[in-house]
Amino acid sequence: MNETSDTGYRVLARKYRPARLSDLIGQDVLVETLRNAFESDRIAHAFLMTGVRGVGKTTTARIIAKGLNCTGAEGGGPTVEPCNECDACRSISESRHVDVIEMDAASRTGVDDIREIIEGAQYRATSARYKIYIVDEVHMLSRNAFNALLKTLEEPPDHVKFIFATTEVQKLPVTVLSRCQRYDLRRIEPEVMVAHLKKIAGLEGVEIDDDALALIARAAEGSVRDAQSILDQAIALGTGRTTVGQVRVMLGLADSARAMDLFDLVTRGDAAGALAEISAQFESGAEPLAILREVSEVVHRVSILKVSPELAKDPSVTPEQRRRGMEAADKLSLRVLARLWQMMLKALREVADAPNPRTAAEMAVIRMTYVSDLPSPEELIRKLQSDGAGTGSAGTSSASPAPGSNGARAPETAAGGSGLPLPPGDATPDEPEPEQDASLFSPASCDDVDASAPDLRDFGDVVELARARRDLRLVVELENHVRLVSFAPGRIAFEPAEGASSNLAARLAHHLKEWTGARWQVEVEAGGGPTIRDERNRRDRELFELAMQHPMVRAAMDAFPGASIEAVRTGAGASGRDGREAWAGNIGTG
């Protein structure tokens, strides 16, 4: 399993580098495929190893090179279990075999470098069975270099094998991918990684806590090389025995138990306690970003336990953390956890970008604590219904800002959708016209109109005809700049409002003749009434006043001091300019 050296210290990542396929961990599919290929003598001429850093791409390439050229004690053929004793195996392990050429494509990216490979591939191996080219980080080659390699890669001489390794396979041209057998090396699972690190610690004769090994496995994120490098550093730190506390301090991580404490304080809405806890963790050496990341891990773990407890068998989680996670999952709803997760993602971005990470983390914690105990929409509706029933017409309401005030907005809830009745004796108001920008592009505006004989009963029909004909400029002018004096079939008299174009009357007459086939007389007179937009605003104000008289709205205003009515709409299913539907309101809370 390990490479030995006569002199000098070798880091664990090199000392315990796999020497044969059976030493690879967590790559069972790759090992089985290569074993069957070698045993059946179906060995490809080009291999492509992909995967994240430190999972064994280059190591696997060297094992394949040794297996192809291993002579063994009896001089056998290619094998998946090289002996590591013959001259070929030893020289390949030490990167000094003349027929196994390793090239770093990150530093040799040009056509001239590839030309050396193409020219050298024409000559047979000097002392080995195959001449093998191992190209690491192959995605770094230039486009011209790839194009120069394609022909040789597709039809190489029988004595040549190519083995490519890359961490960014998506950057490779499709023409290269189609000429290689691709092997995807997976991230190492935490339980496999912990067992591997424990075995190395035993071979090194050092003691290290199981919790510390779990912490190292989680920090490595599936990379064996990263895990071994962290373990090497942890062994040096522990001087004989390494504890989980030492590893956590070394990695700059927050204490997972204290992260759970912070999570509990946030979900209870204890802002002062949460700020004291985050300050204590910061003073202990944990970075603000690391603290919030640890809390986000807690949110994720609790959510998993809430949905499916049997999926939470993570060896990097201690039994105490799992127990507390189960308790939190029983108390919190999935809606609260999902809301907290979204806020946590936003907080992580803010802390990462903030000039003072600690300040940003504290503000994020304050925000989460105050949002944690907000009622759900169902609870809010039930409260409004119960408060409204008890308050009746005698209830009092606090002074609320006028429509369009600067009150903060919150998610809108349609009172009409919950079946709230109108106040007794109040008439159902007419539906107000939709806002201009929405109505211009509504599906109804695209309906075809029979232009041969349109039924224009009033001025509103004229506006609808212009909208159906998609003359949006005319629609805007008719609604905002026309004060109607009189209307009759074939004749319109109006007073232009401020901002009206000078040729509005002539253009309207021209369009009506074009659309209806009849001549229309359009005149400019004095004494016009309000514009359509003015009338719409008036009706909106009446709806606001009517909404403020409703006991349910008064109860909502009392429950949320400083709230303002953001919008009042008639029933969502209303259609037509004069349709009457049940009242529904939207309330923005501050």
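Helix 12 (residues 256-268) and helix 15 (residues 319-331) pack at about 10°, with 11 Å between their axes. The two helices are therefore roughly parallel to each other, a label for angles under 35 degrees, with over 145 counted as roughly antiparallel, 65 to 115 as roughly perpendicular and the rest as oblique. The model is predicted, so local features need pLDDT of at least 70 and side-chain atom pairs count only at pLDDT 80 or more, while totals for chains, interfaces and linings use all residues. Residues are numbered from 1 along each chain as its sequence is written, and side-chain values use heavy atoms, with hydrogens and water left out.

**Helix 12 and helix 15**
- Helix 12 contributes Ser 256, Ala 257, Met 260, Asp 261, Phe 263 and Asp 264 to the contact, and helix 15 contributes Gln 321, Arg 324, Gly 325 and Ala 328; contact means heavy atoms within 4.5 Å.
- The residues of this contact divide into four nonpolar, three polar and three charged. Ala, Val, Leu, Ile, Met, Phe, Trp, Tyr, Cys and Pro count as nonpolar, Asp, Glu, Lys and Arg as charged, and the others, Gly among them, as polar.
- Axes are lines fitted to C-alpha atoms, for helices over the stretch in contact, and angles run from 0 to 180 degrees between N-to-C directions.

**Chain totals**
- The chain has 24 helices and 12 strands; helices (H or I, at least four residues) and strands (E, at least two) are DSSP runs numbered from the N terminus.
- Of the 590 residues of the chain, 44% count as buried. Buried means under 20% relative accessible area, exposed over 50%, and partly exposed in between (1.4 Å probe, protein chains only).
- Among contacts between residues at least 6 apart in sequence, 72% join residues at least 24 apart.

**Leu 337**
- Leu 337 lies in helix 16 (residues 334-353) and is buried, at a relative accessible area of 0%.
- Apart from neighbours within four places in sequence, Leu 337 is in contact with Phe 263, Val 299, Val 302, Ser 303, Lys 306 and Leu 332.
- Val 302 is 35 residues from Leu 337 along the chain, and their C-alpha atoms are separated by 8.0 Å.

- Five strands form an open sheet in the order 2-3-4-1-5, with parallel pairing; two strands pair if DSSP finds at least two bridges between them.
- Strand 2 (100-104) and strand 5 (181-184) are the edge strands, each pairing on one side only.
- From one strand to the next, the twist averages 15°.
- Helix 6 (residues 143-154) packs on this sheet and touches strand 1 (46-50) and strand 4 (160-166), its direction making about 130° with that of strand 4.
- Strand 2 is joined to strand 3 (residues 131-136) by five bridges, and the two run parallel.
- Ile 101 stands opposite Tyr 133 in strand 3, a strand in which five of the six residues are buried.

- Another open sheet has three strands in the order 8-9-10, with mixed pairing.
- Strand 8 and strand 10 each have a single partner strand, so one side of each is left without a neighbour in the sheet.
- The twist here averages 20° from one strand to the next.
- Six bridges pair strand 8 with strand 9 (residues 491-496) in the antiparallel sense, and Phe 487 stands opposite Ile 492 in strand 9.
- Helix 20 (residues 459-468) lies across strand 8 and strand 9 and runs at about 110° to strand 8.

**Aromatic pairs**
- The structure holds four aromatic pairs. Rings of Phe, Tyr and Trp (its six-membered ring) pair if their centres lie within 6.5 Å; planes under 30 degrees apart count as stacked, over 60 as edge-to-face and the rest as tilted.
- The rings of Phe 487 and Trp 520 have centres 6.0 Å apart and planes at 40°, so this pair is tilted.
- The pair links distant parts of the chain, 33 residues apart: Phe 487 is in strand 8 (residues 482-488), and Trp 520 is in the loop between helix 22 (504-516) and strand 10 (521-524).
- Phe 487 counts as partly exposed at 21% relative accessibility, whereas Trp 520 is buried at 10%.
- Tyr 133, Phe 162 and Phe 164 form one aromatic cluster.
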